[in-house]
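Please read the points below with the sequence and the model open side by side.

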Amino acid sequence: MTELDAPTRYRLTQYAHGGGCACKIPPGELEEIVADLRGVPDPALLVGLDDGDDAAAVRIDPAGQAVVSTADFFTPVVDDAYDWGRIAATNALSDLYAMGARPVLAINLLCWPRDRLPLELAREVLRGGLDVGRAAGCPVAGGHSVDDPEPKYGMAATGTADPDALLRNDAGRAGLPLSLTKPLGIGVLNTRHKATGEVFPQAVAAMTELNAEASAAALAAGARCATDVTGFGLLGHLLKLVRASGVSAVLDSAAVPYLDGAREALRDGHVSGGTHRNLDWVRPHCSLAATSEGEALLLADAQTSGGLLVAGEVPGAPVVGELVPRGEHLITVR
(Lines give C-alpha, C1' and ligand atoms only; values in the text may rest on other atoms or scores of the structure.)
Protein backbone atom coordinates (compact mmCIF):
# COMPACT_ATOMS: atom_id res chain seq x y z
CA MET A 1 0.00 0.00 0.00
CA THR A 2 1.37 3.43 -0.92
CA GLU A 3 1.00 6.55 1.18
CA LEU A 4 -1.70 7.83 -1.18
CA ASP A 5 -3.71 4.59 -0.89
CA ALA A 6 -4.52 5.64 2.68
CA PRO A 7 -5.43 9.34 2.47
CA THR A 8 -7.01 9.34 5.92
CA ARG A 9 -3.60 8.52 7.43
CA TYR A 10 -2.55 12.12 6.93
CA ARG A 11 -4.99 14.81 8.00
CA LEU A 12 -3.19 17.82 6.57
CA THR A 13 -5.16 20.32 8.66
CA GLN A 14 -3.62 18.81 11.80
CA TYR A 15 -0.13 19.81 10.70
CA ALA A 16 -0.81 23.56 10.88
CA HIS A 17 -1.82 25.99 13.60
CA GLY A 18 -4.52 27.58 11.42
CA GLY A 19 -6.18 26.93 8.11
CA GLY A 20 -6.57 28.74 4.80
CA CYS A 21 -7.11 32.47 4.84
CA ALA A 22 -7.99 32.31 8.55
CA CYS A 23 -4.23 32.10 9.24
CA LYS A 24 -3.62 35.60 7.89
CA ILE A 25 -2.03 38.23 10.11
CA PRO A 26 -5.02 40.12 11.60
CA PRO A 27 -6.00 43.16 9.49
CA GLY A 28 -5.36 45.73 12.20
CA GLU A 29 -1.87 44.38 12.91
CA LEU A 30 -1.09 44.17 9.20
CA GLU A 31 -2.03 47.80 8.68
CA GLU A 32 0.34 48.80 11.48
CA ILE A 33 3.16 46.82 9.87
CA VAL A 34 2.82 48.43 6.44
CA ALA A 35 1.71 51.91 7.57
CA ASP A 36 5.00 53.64 6.74
CA LEU A 37 6.18 51.35 3.96
CA ARG A 38 5.82 53.22 0.71
CA GLY A 39 8.08 52.87 -2.30
CA VAL A 40 9.36 55.63 -4.53
CA PRO A 41 6.35 57.22 -6.31
CA ASP A 42 6.07 55.98 -9.86
CA PRO A 43 3.50 57.32 -12.33
CA ALA A 44 3.33 53.88 -13.95
CA LEU A 45 2.02 52.33 -10.70
CA LEU A 46 -1.76 52.30 -11.01
CA VAL A 47 -2.63 50.37 -7.84
CA GLY A 48 -0.23 49.82 -4.96
CA LEU A 49 -0.30 49.47 -1.20
CA ASP A 50 -2.41 52.49 -0.26
CA ASP A 51 -5.95 51.06 -0.19
CA GLY A 52 -5.41 47.36 0.46
CA ASP A 53 -6.39 46.21 -3.02
CA ASP A 54 -6.17 42.55 -3.96
CA ALA A 55 -3.18 42.95 -6.30
CA ALA A 56 -0.77 45.56 -7.62
CA ALA A 57 -1.10 47.02 -11.11
CA VAL A 58 1.43 48.84 -13.26
CA ARG A 59 1.07 50.36 -16.72
CA ILE A 60 3.69 48.93 -19.08
CA ASP A 61 2.29 49.90 -22.45
CA PRO A 62 1.46 53.51 -23.37
CA ALA A 63 -1.19 52.08 -25.70
CA GLY A 64 -3.13 50.74 -22.74
CA GLN A 65 -1.69 47.53 -21.28
CA ALA A 66 -1.39 46.94 -17.54
CA VAL A 67 0.29 44.10 -15.68
CA VAL A 68 -1.40 42.93 -12.47
CA SER A 69 0.60 40.92 -9.93
CA THR A 70 -0.22 39.07 -6.71
CA ALA A 71 0.99 36.34 -4.37
CA ASP A 72 -1.12 34.23 -2.04
CA PHE A 73 -0.39 31.10 -0.01
CA PHE A 74 -1.61 29.47 3.19
CA THR A 75 -1.67 26.41 5.41
CA PRO A 76 -4.02 23.47 4.66
CA VAL A 77 -7.70 24.27 4.76
CA VAL A 78 -8.80 20.69 3.97
CA ASP A 79 -7.20 17.31 4.59
CA ASP A 80 -7.18 16.17 0.97
CA ALA A 81 -3.89 17.22 -0.65
CA TYR A 82 -5.23 17.52 -4.20
CA ASP A 83 -8.22 19.59 -3.10
CA TRP A 84 -5.98 21.83 -1.01
CA GLY A 85 -3.84 22.47 -4.08
CA ARG A 86 -6.91 23.35 -6.13
CA ILE A 87 -8.28 25.65 -3.44
CA ALA A 88 -5.01 27.50 -2.89
CA ALA A 89 -4.50 28.03 -6.63
CA THR A 90 -8.08 29.20 -7.14
CA ASN A 91 -7.66 31.61 -4.25
CA ALA A 92 -4.44 33.05 -5.66
CA LEU A 93 -5.95 33.62 -9.11
CA SER A 94 -8.95 35.24 -7.44
CA ASP A 95 -6.83 38.29 -6.61
CA LEU A 96 -6.36 38.87 -10.34
CA TYR A 97 -10.04 38.39 -11.16
CA ALA A 98 -10.93 40.77 -8.32
CA MET A 99 -8.93 43.45 -10.17
CA GLY A 100 -10.52 42.69 -13.54
CA ALA A 101 -7.37 41.01 -14.88
CA ARG A 102 -6.87 37.89 -16.99
CA PRO A 103 -4.28 35.45 -15.59
CA VAL A 104 -1.34 34.81 -17.93
CA LEU A 105 1.27 33.11 -15.70
CA ALA A 106 1.54 31.53 -12.27
CA ILE A 107 4.41 30.00 -10.31
CA ASN A 108 4.17 27.72 -7.29
CA LEU A 109 5.06 28.64 -3.70
CA LEU A 110 5.52 25.47 -1.63
CA CYS A 111 6.62 25.02 1.98
CA TRP A 112 6.83 21.38 3.07
CA PRO A 113 7.77 19.52 6.28
CA ARG A 114 9.70 16.84 4.40
CA ASP A 115 10.52 14.89 7.56
CA ARG A 116 6.85 14.69 8.62
CA LEU A 117 4.79 14.38 5.45
CA PRO A 118 5.52 12.24 2.37
CA LEU A 119 6.65 13.98 -0.79
CA GLU A 120 3.93 12.12 -2.67
CA LEU A 121 1.40 14.34 -0.92
CA ALA A 122 3.31 17.45 -1.98
CA ARG A 123 3.07 16.20 -5.55
CA GLU A 124 -0.72 15.92 -5.17
CA VAL A 125 -0.87 19.50 -3.92
CA LEU A 126 1.06 20.71 -6.95
CA ARG A 127 -1.10 18.59 -9.26
CA GLY A 128 -4.18 20.33 -7.88
CA GLY A 129 -2.66 23.72 -8.59
CA LEU A 130 -1.67 22.68 -12.09
CA ASP A 131 -5.20 21.52 -12.89
CA VAL A 132 -6.64 24.86 -11.77
CA GLY A 133 -4.12 26.67 -13.95
CA ARG A 134 -5.23 24.59 -16.91
CA ALA A 135 -8.88 25.36 -16.19
CA ALA A 136 -8.05 29.07 -16.05
CA GLY A 137 -6.00 28.96 -19.25
CA CYS A 138 -3.00 30.08 -17.22
CA PRO A 139 0.37 28.30 -17.51
CA VAL A 140 1.87 27.17 -14.20
CA ALA A 141 5.63 27.20 -14.66
CA GLY A 142 7.97 26.27 -11.84
CA GLY A 143 8.18 28.21 -8.59
CA HIS A 144 10.01 27.95 -5.29
CA SER A 145 10.02 25.48 -2.39
CA VAL A 146 11.46 25.40 1.13
CA ASP A 147 11.63 22.88 3.96
CA ASP A 148 9.22 24.23 6.58
CA PRO A 149 7.73 22.94 9.87
CA GLU A 150 4.21 23.62 8.51
CA PRO A 151 2.89 22.81 5.04
CA LYS A 152 1.98 25.89 3.01
CA TYR A 153 1.06 26.27 -0.63
CA GLY A 154 -0.04 28.98 -3.01
CA MET A 155 1.01 30.90 -6.08
CA ALA A 156 2.52 34.11 -7.33
CA ALA A 157 0.35 35.04 -10.30
CA THR A 158 0.50 37.62 -13.05
CA GLY A 159 -2.28 38.91 -15.28
CA THR A 160 -3.06 41.63 -17.79
CA ALA A 161 -5.85 44.18 -17.78
CA ASP A 162 -7.16 47.36 -19.34
CA PRO A 163 -5.75 50.08 -17.06
CA ASP A 164 -8.90 52.15 -17.57
CA ALA A 165 -11.19 49.30 -16.52
CA LEU A 166 -9.52 48.00 -13.37
CA LEU A 167 -11.71 46.86 -10.49
CA ARG A 168 -10.34 48.58 -7.39
CA ASN A 169 -11.22 49.41 -3.79
CA ASP A 170 -11.36 53.18 -4.12
CA ALA A 171 -13.87 53.46 -6.97
CA GLY A 172 -17.09 52.93 -5.02
CA ARG A 173 -19.78 55.61 -5.28
CA ALA A 174 -22.87 56.29 -3.19
CA GLY A 175 -25.98 54.86 -4.77
CA LEU A 176 -24.34 51.70 -6.15
CA PRO A 177 -25.75 48.32 -5.08
CA LEU A 178 -23.46 45.66 -3.62
CA SER A 179 -23.44 42.23 -5.24
CA LEU A 180 -21.89 39.08 -3.74
CA THR A 181 -20.98 36.29 -6.16
CA LYS A 182 -20.45 33.35 -3.74
CA PRO A 183 -22.24 32.37 -0.53
CA LEU A 184 -20.54 32.81 2.84
CA GLY A 185 -19.94 30.08 5.41
CA ILE A 186 -16.71 28.63 4.07
CA GLY A 187 -14.81 29.56 7.22
CA VAL A 188 -17.06 27.90 9.78
CA LEU A 189 -17.35 24.76 7.65
CA ASN A 190 -13.58 24.56 7.27
CA THR A 191 -13.16 25.05 11.01
CA ARG A 192 -15.58 22.20 11.62
CA HIS A 193 -13.68 20.06 9.12
CA LYS A 194 -10.40 20.72 10.95
CA ALA A 195 -11.97 19.82 14.30
CA THR A 196 -13.96 16.75 13.28
CA GLY A 197 -12.72 15.46 9.92
CA GLU A 198 -16.19 15.86 8.41
CA VAL A 199 -15.99 16.62 4.69
CA PHE A 200 -18.17 19.34 3.19
CA PRO A 201 -18.31 18.98 -0.61
CA GLN A 202 -20.33 22.19 -0.91
CA ALA A 203 -17.47 24.15 0.67
CA VAL A 204 -14.85 22.50 -1.56
CA ALA A 205 -16.99 23.23 -4.62
CA ALA A 206 -17.29 26.91 -3.63
CA MET A 207 -13.58 27.26 -2.92
CA THR A 208 -12.56 25.70 -6.24
CA GLU A 209 -14.94 27.77 -8.37
CA LEU A 210 -12.89 30.29 -10.32
CA ASN A 211 -14.05 33.90 -10.16
CA ALA A 212 -13.38 34.29 -13.89
CA GLU A 213 -17.04 34.48 -14.93
CA ALA A 214 -17.95 36.78 -12.06
CA SER A 215 -15.11 39.14 -12.97
CA ALA A 216 -16.07 39.19 -16.65
CA ALA A 217 -19.71 39.81 -15.75
CA ALA A 218 -18.77 42.68 -13.44
CA LEU A 219 -16.65 44.31 -16.15
CA ALA A 220 -19.38 43.80 -18.75
CA ALA A 221 -21.86 45.50 -16.40
CA GLY A 222 -19.56 48.53 -16.18
CA ALA A 223 -18.37 47.94 -12.61
CA ARG A 224 -15.17 49.66 -11.52
CA CYS A 225 -15.11 48.78 -7.83
CA ALA A 226 -14.73 45.28 -6.40
CA THR A 227 -12.79 43.09 -4.00
CA ASP A 228 -12.74 39.40 -3.28
CA VAL A 229 -14.02 38.16 0.08
CA THR A 230 -11.32 36.11 1.77
CA GLY A 231 -9.54 36.12 5.12
CA PHE A 232 -10.94 39.37 6.52
CA GLY A 233 -14.54 38.27 5.98
CA LEU A 234 -17.33 40.15 4.24
CA LEU A 235 -17.35 42.91 6.85
CA GLY A 236 -13.58 43.33 6.77
CA HIS A 237 -13.27 43.54 3.01
CA LEU A 238 -16.30 45.83 2.79
CA LEU A 239 -14.73 48.08 5.42
CA LYS A 240 -11.56 48.42 3.33
CA LEU A 241 -13.65 49.22 0.26
CA VAL A 242 -15.84 51.92 1.81
CA ARG A 243 -12.92 53.49 3.63
CA ALA A 244 -10.90 53.75 0.41
CA SER A 245 -13.91 55.07 -1.54
CA GLY A 246 -14.96 57.70 0.99
CA VAL A 247 -18.47 56.27 1.39
CA SER A 248 -20.46 54.14 3.84
CA ALA A 249 -22.43 50.95 3.26
CA VAL A 250 -25.72 49.48 4.39
CA LEU A 251 -25.66 45.69 4.48
CA ASP A 252 -28.89 43.66 4.35
CA SER A 253 -28.02 40.59 6.42
CA ALA A 254 -31.17 38.76 5.31
CA ALA A 255 -30.03 38.95 1.68
CA VAL A 256 -26.59 37.40 2.30
CA PRO A 257 -26.48 33.78 1.05
CA TYR A 258 -24.84 30.98 3.06
CA LEU A 259 -23.65 27.48 2.28
CA ASP A 260 -25.65 24.58 3.67
CA GLY A 261 -24.44 23.69 7.14
CA ALA A 262 -22.91 27.07 7.92
CA ARG A 263 -25.40 28.05 10.59
CA GLU A 264 -25.16 24.64 12.23
CA ALA A 265 -21.37 24.97 12.34
CA LEU A 266 -21.76 28.38 13.98
CA ARG A 267 -24.28 26.96 16.47
CA ASP A 268 -21.83 24.23 17.45
CA GLY A 269 -19.04 26.72 18.06
CA HIS A 270 -16.83 26.12 15.01
CA VAL A 271 -15.61 29.70 14.68
CA SER A 272 -11.94 30.41 13.95
CA GLY A 273 -9.77 32.80 15.89
CA GLY A 274 -9.32 34.75 12.66
CA THR A 275 -13.06 35.36 12.46
CA HIS A 276 -13.18 36.68 16.04
CA ARG A 277 -10.25 39.00 15.26
CA ASN A 278 -12.02 40.22 12.11
CA LEU A 279 -15.12 41.15 14.09
CA ASP A 280 -13.06 42.88 16.77
CA TRP A 281 -11.37 44.95 14.06
CA VAL A 282 -14.53 46.07 12.26
CA ARG A 283 -16.79 46.50 15.29
CA PRO A 284 -15.77 50.12 16.09
CA HIS A 285 -16.67 51.14 12.54
CA CYS A 286 -20.01 49.30 12.31
CA SER A 287 -23.53 49.61 13.56
CA LEU A 288 -24.46 46.05 14.55
CA ALA A 289 -27.39 46.84 16.84
CA ALA A 290 -29.92 45.30 14.44
CA THR A 291 -28.19 41.92 14.24
CA SER A 292 -27.20 39.14 16.63
CA GLU A 293 -23.65 38.35 17.68
CA GLY A 294 -23.86 35.07 15.79
CA GLU A 295 -24.96 36.80 12.59
CA ALA A 296 -22.14 39.31 13.00
CA LEU A 297 -19.65 36.44 13.31
CA LEU A 298 -20.93 34.90 10.08
CA LEU A 299 -20.58 38.25 8.32
CA ALA A 300 -16.99 38.45 9.61
CA ASP A 301 -16.30 34.77 8.91
CA ALA A 302 -12.79 34.31 7.47
CA GLN A 303 -13.42 32.97 3.97
CA THR A 304 -10.95 31.07 1.82
CA SER A 305 -11.29 31.52 -1.94
CA GLY A 306 -14.57 33.38 -1.56
CA GLY A 307 -16.53 35.30 -4.16
CA LEU A 308 -16.35 38.85 -5.41
CA LEU A 309 -18.02 41.77 -3.67
CA VAL A 310 -18.89 44.17 -6.48
CA ALA A 311 -20.17 47.74 -6.35
CA GLY A 312 -22.79 47.28 -9.05
CA GLU A 313 -25.27 44.67 -10.18
CA VAL A 314 -23.83 41.39 -11.44
CA PRO A 315 -26.31 39.16 -13.31
CA GLY A 316 -27.14 36.09 -11.24
CA ALA A 317 -25.57 37.41 -8.03
CA PRO A 318 -27.70 38.56 -5.07
CA VAL A 319 -27.67 42.22 -4.08
CA VAL A 320 -26.72 42.29 -0.40
CA GLY A 321 -26.62 46.03 0.27
CA GLU A 322 -25.72 49.41 -1.14
CA LEU A 323 -23.15 52.16 -0.88
CA VAL A 324 -24.42 55.39 0.68
CA PRO A 325 -22.89 58.81 1.48
CA ARG A 326 -20.33 58.75 4.30
CA GLY A 327 -22.15 58.70 7.61
CA GLU A 328 -21.54 58.13 11.32
CA HIS A 329 -20.78 54.44 10.71
CA LEU A 330 -18.82 53.05 7.80
CA ILE A 331 -21.04 49.95 7.77
CA THR A 332 -24.60 49.58 9.04
CA VAL A 333 -26.00 46.05 9.22
CA ARG A 334 -29.75 45.91 9.15
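**Notes on the predicted model**

1. The protein has an accessible surface of about 13,900 Å², and carbon and sulfur atoms hold 54% of that surface; the areas come from the Shrake-Rupley method with a 1.4 Å probe, and for residues only the protein chains shown count as cover. This is a predicted model, in which local features need pLDDT of at least 70 and side-chain atom pairs count only at pLDDT 80 or more, while totals for chains, interfaces and linings use all residues. Residues are numbered from 1 along each chain as its sequence is written, and side-chain values use heavy atoms, with hydrogens and water left out.

2. The protein contains ten helices and 13 strands, these being DSSP runs numbered from the N terminus (helices H or I, at least four residues; strands E, at least two). Of its 334 residues, 54% count as buried, where buried means under 20% relative accessible area, exposed over 50%, and partly exposed in between (1.4 Å probe, protein chains only).

3. Six strands make up an open sheet of mixed pairing, in the order β1-β2-β3-β6-β4-β5; two strands pair if DSSP finds at least two bridges between them. Because β1 (45-47) and β5 (140-147) stand at the edges with a single partner strand each, one side of each has no neighbour in the sheet. From one strand to the next, the twist averages 25°. Strands β2 (residues 56-61) and β3 (residues 65-74) are antiparallel and share five bridges, with Gln-65 in β3 as the bridge partner of Asp-61.

4. Helix α2 (residues 81-97) packs on the sheet, where it touches β3, β4 (102-112) and β6 (152-161), and its direction makes about 145° with that of β3. Helix α3 (residues 119-136) lies across β4, β5 and β6 and runs at about 170° to β4. Axes are lines fitted to C-alpha atoms, for helices over the stretch in contact, and angles run from 0 to 180 degrees between N-to-C directions.

5. The largest nonpolar core has 84 residues, and those with the most contacts inside it include Val-68, Trp-84 and Leu-299; such a core is a set of buried Ala, Val, Leu, Ile, Met, Phe, Trp, Tyr and Cys residues joined through side-chain atoms within 4.5 Å. Helix α2 gives the most to this core, with nine residues. A second, separate core of ten residues includes Ala-98 and Ala-317.

6. How many disulfides does a search of the whole structure find? The search finds zero, a disulfide being a pair of cysteine sulfur atoms within 2.5 Å. Cys-225 is buried at a relative accessible area of 1%, and Cys-111 counts as buried at 13%.

How values were computed:
Contact = heavy atoms within 4.5 Å.
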